[in-house]
Amino acid sequence: MEGYIVQLIIFTATYALFSLGLNLQWGFTGLINFGHVAFMTVGAYTTVLLTLAGVPLVIAVLAGAALAALLGLLIGFSTLRLREDYLAIVTIGVSEVVRLVALNEEWLTRGARGVYGYPLPLDKFNPNAFTRGGMIALLTVVVGLAYWKLWQWVQQRLKQVSRPAAIKNAVVWGGYTGSLVLLLGGVGVVMQQLKLSRALSPEFLGLGLLVALVGVGWLYTTIAKKLMARLSEWAAGLALFSVSLCSILGLWMYSIGANALYNYSYKAGLMLLLVTVLAILFSLLEWLVRSPWGRVLKAIREDEEVAKALGKNVFWYKLQSLMLGGAIAGIAGAFYAWQLTFINPDGFIPLITFQAWTIVVLGGAGNNVGTLLGGTIFWAYNTLTRFVLKDIVPLDDARLGAFRIMIIGLILIVVMMWRPQGILGKKEELTLGR
């Protein structure tokens, strides 16, 4: 269990880091990039090939990020003066070209056999009791900073709101969520028993599950609308409940992470390194998007003609955003390679780009906190459905994988209909299709 949670934290943090780059390009600048995985591929291969050649890990990662940024420069020079849809087409093409180069240039990338046996960070590190305490202290600082940001966010939401009313509404939302979880659990248990008893054919069982899910969805959507109409401060109550839930889950995961660091393993060290890098890059991005540079990016996203009229070099700002987002994805690629300990071209398919889009859209475009939240929800969904659905849905493993993707697609459609700006986003941040 502990090992799986550590691995889950690593995957969540890697995809959150990867998606932060996409959020900078699309959420803050309005650049539609459907080939973001190309930057991750360049970063991953550059890092592992250089380290195999004896280059120190830090320099290899920086070189991977620099080459990913250079790729963004090349793409930008050829497309950024054109319409947004040309950039979307070119980037998805470039991602496939990069993957095919990795597949066919065996002298460099070992082709379909992939690359393995490369040096890993902290792999041979053997910490003593003092060092382990320092690592746990570092994790505590990072988690403490996250709680501090969470506290700031909820304070803003509760400003000018009656505290007793917010607490009462939070309890109501807690009851609503708890009853929904219990009902879905009941549906799952019933379906599991029906599947084990073979009382129904797989077709009827699947149809029954679909009807039950649609019914529960309709019922709780109706209840939610009534709650919103009756609760005067429903948004503040929902925010307070969400923060309380995230805080409890965060403490649980922190205790597992701290215990993993005490019983040190390579994955625990990688988790600490990744979480620290994610916290640093997140802080830098937050500072950047609030600086004059970030405000110019937002102005370009809103209306680049106005930015041009104010004397801003729109092309140059777009290029910087594309390069910086690519460099961040390149760093995420290095951690992706270290997590897997083996990479080949099949690990960099276009689906990874669209998973990042799912994370950004779900959390809210133009909001770095939303991207972190989207990554957490995405991987929580992946984990829960991987273990729960196999006992309920009458499908084999291959079809079950497709079913899980279909379900998250449906969830995304519902979120886009209910809240097109994402969970923490703002409507004005949504530029796709404008």
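Predicted model: local features only at pLDDT ≥ 70, side-chain atom pairs only at ≥ 80, totals over all residues.
Begin by selecting Gln355, Phe378, Asn382, Arg386 and Arg404, which lie nearest the centre of the second largest pocket, among the 20 residues that line it. The space in the second largest pocket comes to about 430 Å³, and its lining is made up of 11 nonpolar, seven polar and two charged residues.

Next, move to the surface and select Leu200, Phe204, Leu207, Leu210, Val211 and Val214, which form a nonpolar patch with about 600 Å² of accessible area together. Leu200 can be found in the loop that runs between helix H7 (163-197) and helix H8 (202-230); because its relative accessibility is 41%, Leu200 counts as partly exposed.

The last stops concern the backbone. Most residues other than glycine have a negative phi. Select Arg110, in the loop between helix H5 (106-109) and strand E1 (115-116), where phi is positive, near 65 degrees, although the residue is not a glycine. Arg110 has a relative accessibility of 29% and therefore counts as partly exposed.

Finally, select Thr341, in the loop between helix H12 (314-340) and strand E2 (342-343), which is likewise not a glycine and has a positive phi of about 60 degrees. With a relative accessibility of 34%, Thr341 counts as partly exposed, since that class covers the values between the 20% limit for buried and the 50% limit for exposed.

Note on methods
Residues numbered from 1 in each chain as written. Heavy atoms only, no water. 1 Å grid on protein atoms, 1.4 Å probe; cavity = no way out; pocket = protein on both sides within 12 Å on 5 of 7 lines; lining within 4 Å. Points joined across faces, edges and corners; volume = space filled by probe spheres on them. Nonpolar A, V, L, I, M, F, W, Y, C, P; charged D, E, K, R; others polar. Patch = residues over 30% accessible without salt bridge, like charges linked within 9 Å, V, L, I, M, F, W, Y side chains within 5 Å. Areas by Shrake-Rupley, 256 points an atom, 1.4 Å probe, with all protein chains shown as cover. Salt bridge = Lys/Arg side-chain N within 4 Å of Asp/Glu carboxyl O. Helix = DSSP H or I, 4+ residues; strand = E, 2+ residues; numbered from the N terminus. Buried < 20%, exposed > 50% of the residue type's maximum accessible area, 1.4 Å probe, protein only.
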